[in-house]
Amino acid sequence: MNKKVLVTGGTGYIGSHTVVQLLAANYSVVILDNLCNSSREVLNRIELLSGKKVDFVEGDIRNRDVLQTTFQLHGIDSVIHFAGLKAVGESQTQPLMYYDNNVNGSVILLEEMAKANIKTIVFSSSATVYGDPGYSQYKEDTPVAPINVYGRTKLMVEDIIKDLKNSDASWRAALLRYFNPVGAHASGQMGENPSGIPNNLMPFVAQVAVGKREKLSVYGNDYNTPDGTGKRDYIHVEDLAAGHLAALKVLENQSELLTLNLGTGKPNSVLEMIHAFEKASGKKINYEIVARRSGDLAEYYADPTLAEKVLGWQAQLGIDRMCEDTWRWQMNNPNGY
Ligand code: NAD
Ligand code: UFG
């Protein structure tokens, strides 16, 4: 029998890429998503790319009835939990909405999992949990001290899952701290679909290239980095998705709680990303240097060696592929899904 995975947030950006890989690896998949930041069209793309049917439940992780019915109907073995809100700026102005959705939602999900005796979870955490430790390469034991509400919701859920594991050793959990996910499916059929003005660098660059936005604002060129612009660890969403499958496999065979960075370990600056995108697209990216964005650090990136060792996984795709795939997605879908 194929193992059955519930993917919360499975029609979202990272979730959808992970679902396609799960189906290719012969997992059965049920997606639970309330579509607050994604589109039903994603389901058609998933079926097109995988050649398989995927069960979809439109619902909220905070709805116990929906969870109970889904667990009863589908015989779920494990959960990959992507569902959550992720806009840092919005989290500062709407903290209660973030604590309710991300923290309370996760507590309800975990409670219902426990009741249904489903005790394997892979959780989407973030490099934001680290805050500003004063150096730029983060290991998993780098002190955590998030500087925004969004980051605090991620750390709270990490702690809740750790406490749960301490109380009941039969839980199996992986807390995956993503660095900067970018890129799209190589087919150009699936990618990131931000609503409104993108907050993040690469979706904005792609919209400038395709002519949807006039120019990119580069937030500061006076950082202590070689070209003065901020450096980040961009990781291809396909590599990230593969990291989830690797984590699930490891959890099937051992019960240690895993806390792992998922990154490449190789940071790139804003200007390097702009130039890589120009090369991939053949388009000029208009940009202007503006003031720093509040809360941004000069540079941070993963030490990915623990994930490599524990998962037998390593990011494979570099920034050229990240930009080529983003461009293909953007060109094929100038208005998103
Ligand atoms: P996304 O917004 O594309 O996907 C999240 C999905 O969850 C969406 O489809 C949304 O409709 C759904 N959702 C939100 N709240 C829900 C709820 N209460 N019930 C049911 N569904 C709900 O985001 P993404 O980029 O795919 O991120 C996935 C996860 O990874 C999130 O938890 C995010 O915080 C985390 N993460 C993302 C990044 C990033 O830069 N993209 C970095 C680190 C961590
Ligand atoms: N940047 C610009 N112009 C823009 C957008 C971004 O110059 O229009 C710069 C930023 O200053 C930064 C870099 O591009 O130097 C990357 O910025 P992003 O907004 O793409 O990503 P962040 O590193 O700020 O944050 C991302 C996610 C967060 C997550 C964090 C975790 O957006 O959700 O990584 O590491 F919490």
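Student: Which residues of the largest nonpolar core touch the most other members?

Tutor: This is a predicted model: local features need pLDDT of at least 70, side-chain atom pairs count only at pLDDT 80 or more, and totals for chains, interfaces and linings use all residues. Residues are numbered from 1 along each chain as its sequence is written, chains are lettered from A and ligands numbered from 1 in the order in which they are written, and side-chain values use heavy atoms, with hydrogens and water left out. A nonpolar core is a set of buried Ala, Val, Leu, Ile, Met, Phe, Trp, Tyr and Cys residues joined through side-chain atoms within 4.5 Å; buried means under 20% relative accessible area, exposed over 50%, partly exposed in between (1.4 Å probe, protein chains only). The largest such core holds 38 residues, and those touching the most other members are Leu22, Ile46 and Leu311.

Student: Which element gives the largest share of this core?

Tutor: Helices (H or I, at least four residues) and strands (E, at least two) are DSSP runs, numbered from the N terminus. Elements giving two or more residues to this core include β1, α1, β2, β7 and α10 (305-311). The largest share, 8 residues, comes from α8.

Student: What does Leu311 touch?

Tutor: Contact means heavy atoms within 4.5 Å. Residues up to four places away in sequence are not counted here. Leu311 then touches Gly243, Ala246, Ala247, Val250, Leu258, Leu260 and Leu262.

Student: How many residues are in the second, separate core?

Tutor: Its members include Ile76, Val103, Ile108 and Ile161. In soluble globular proteins, nonpolar side chains tend to be buried together. The second core has 24 residues.

Student: Is Val20 buried or exposed?

Tutor: Val20 is found in helix α1. Leaving aside neighbours within four places in sequence, Val20 is in contact with Ile46, Leu49, His185 and Met190. With a relative accessible area of 9%, Val20 is buried.

Student: In what order do the strands of the open sheet run?

Tutor: Two strands pair if DSSP finds at least two bridges between them. There are 7 strands, and the pairing is parallel. The order is β3-β2-β1-β4-β5-β7-β12.

Student: Which strands are at the edges?

Tutor: An edge strand here pairs on one side only. The twist averages 20 degrees from one strand to the next. The edge strands are β3 (55-58) and β12.

Student: Which residue is the bridge partner of Val7 in β2?

Tutor: β1 and β2 run parallel and are joined by 5 bridges. β2 is mostly covered, with 5 of its 6 residues buried. The partner of Val7 is Ile31.

Student: Which residue of β7 stands opposite Ser124?

Tutor: Strand β5 (residues 120-126) pairs with β7 in the parallel sense over 7 bridges. β7 (residues 172-178) has 6 of its 7 residues buried. Opposite Ser124 stands Leu176.

Student: At about what angle to β2 does helix α1 run?

Tutor: Axes are lines fitted to C-alpha atoms, for helices over the stretch in contact, and angles run from 0 to 180 degrees between N-to-C directions. Helix α1 (residues 13-24) lies across β1, β2 (28-33), β4 and β7. The angle to β2 is about 165 degrees.

Student: Which residues come nearest to ligand 1?

Tutor: A residue is near a molecule or strand if one of its heavy atoms lies within 4 Å of it. There are 27 residues around ligand 1. The nearest are Asp33, Asn37, Ser38, Asn101 and Tyr150.

Student: How far is a polar backbone atom of Ile14 from an oxygen atom of ligand 1?

Tutor: A polar contact is a pair of N or O atoms within 3.5 Å; within protein, one must be able to donate a hydrogen and the other to accept it, and residues adjacent in sequence count only if both atoms are side-chain atoms. A polar side-chain atom of Asp60 lies 3.1 Å from a nitrogen atom of ligand 1. For Ile14 and the ligand oxygen, the distance is 2.8 Å.

Student: What distance separates a polar side-chain atom of Asn200 from an oxygen atom of ligand 2?

Tutor: Ligand 2 is surrounded by 20 residues, with Asn200, Ser217, Arg232, Asp296 and Tyr300 the closest. A polar side-chain atom of Arg232 lies 2.7 Å from an oxygen atom of ligand 2. For Asn200, the distance is 2.5 Å.
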